[in-house]
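Trainee: I have this model open on my screen and would like to walk through it with you. Where shall we start?

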Amino acid sequence: MDFLLKQGLVHKLESLHAYVGCTHPDHPHASQFLICDGCGEVTEVENARVAESLRDAGQALGFRAKRPIVEVLGTCAQCNAKRDE
Ligand SMILES: [Zn+2]
Ligand SMILES: [Zn+2]
C-alpha cells in the first residue's frame, strides 16, 4: 500500500481511515475530497486555487505544505436529490 501511496495511485483519507484510488494518477497533484456522509461516495477534485491558498496560508506561518489534502464532508448531489423528494 505504501508503494501505491508513493506512486500517487491512491490517496489516504484520514477521516475515513480509508484509501481511495486516484482518478488522475498521471501527474502529481494536490487533491480535495468531497465525502458524502449519506452514501459514503467519495469524489476527488483537483482545484489548483484551493491548493495554492493552502500553501500560501501555510507559508505565511513558515509551514511547508507537503500533502495539502482536503477532506470536505457533506452530502452528494444524489443524496440531496433524495432528500428533497
Ligand atoms: Zn488524485
Ligand atoms: Zn451521497
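Trainee: Let's take the hairpin of S1 and S2; which residue there takes a positive phi?

Mentor: Good place to begin, and keep in mind that this is a predicted model. Strand S1 (residues 10-13) and strand S2 (residues 18-21) pair in the antiparallel sense over 4 bridges, with Lys12 opposite Tyr19. The hairpin has 4 residues between the strands, and the one with a positive phi, near 50°, is His17.

Trainee: Which strands stand at the edges of the open sheet?

Mentor: The sheet has 3 strands, with mixed pairing and the order S4-S3-S5. Each edge strand has a single partner, so one side of it is left without a neighbour in the sheet. From one strand to the next, the twist averages 20°. The edge strands are S4 (42-45) and S5 (70-74).

Trainee: How far apart are the end C-alpha atoms of helix H2?

Mentor: Helix H2 covers residues 48-59, which makes 12 residues. At 1.5 Å a residue, the helix should span 16 Å. The model agrees, because the end C-alpha atoms are apart by 16 Å.

Trainee: How many of the residues in H2 are buried?

Mentor: Helix H2 is hardly covered. Among its 12 residues, the count of buried ones is 0.

Trainee: Which element has the lowest mean pLDDT?

Mentor: The protein averages 88, and 100% of the residues score at least 70. Among the elements, S3 has the highest mean, 95. The lowest, 79, belongs to helix H1.

Definitions and conventions
Residues are numbered from 1 along each chain as its sequence is written. Chains are lettered from A and ligands numbered from 1 in the order in which they are written. This is a predicted model: local features need pLDDT of at least 70, side-chain atom pairs count only at pLDDT 80 or more; totals for chains, interfaces and linings use all residues. Helices (H or I, at least four residues) and strands (E, at least two) are DSSP runs, numbered from the N terminus. The expected span of a helix is 1.5 Å times one less than its number of residues. A residue is buried if 20 or more other C-beta atoms lie within 10 Å of its own, exposed if 12 or fewer, and partly exposed in between; C-beta atoms are placed from the backbone. Two strands pair if DSSP finds at least two bridges between them. Axes are lines fitted to C-alpha atoms, for helices over the stretch in contact, and angles run from 0 to 180 degrees between N-to-C directions. pLDDT is the predictor's confidence in each residue, from 0 to 100.
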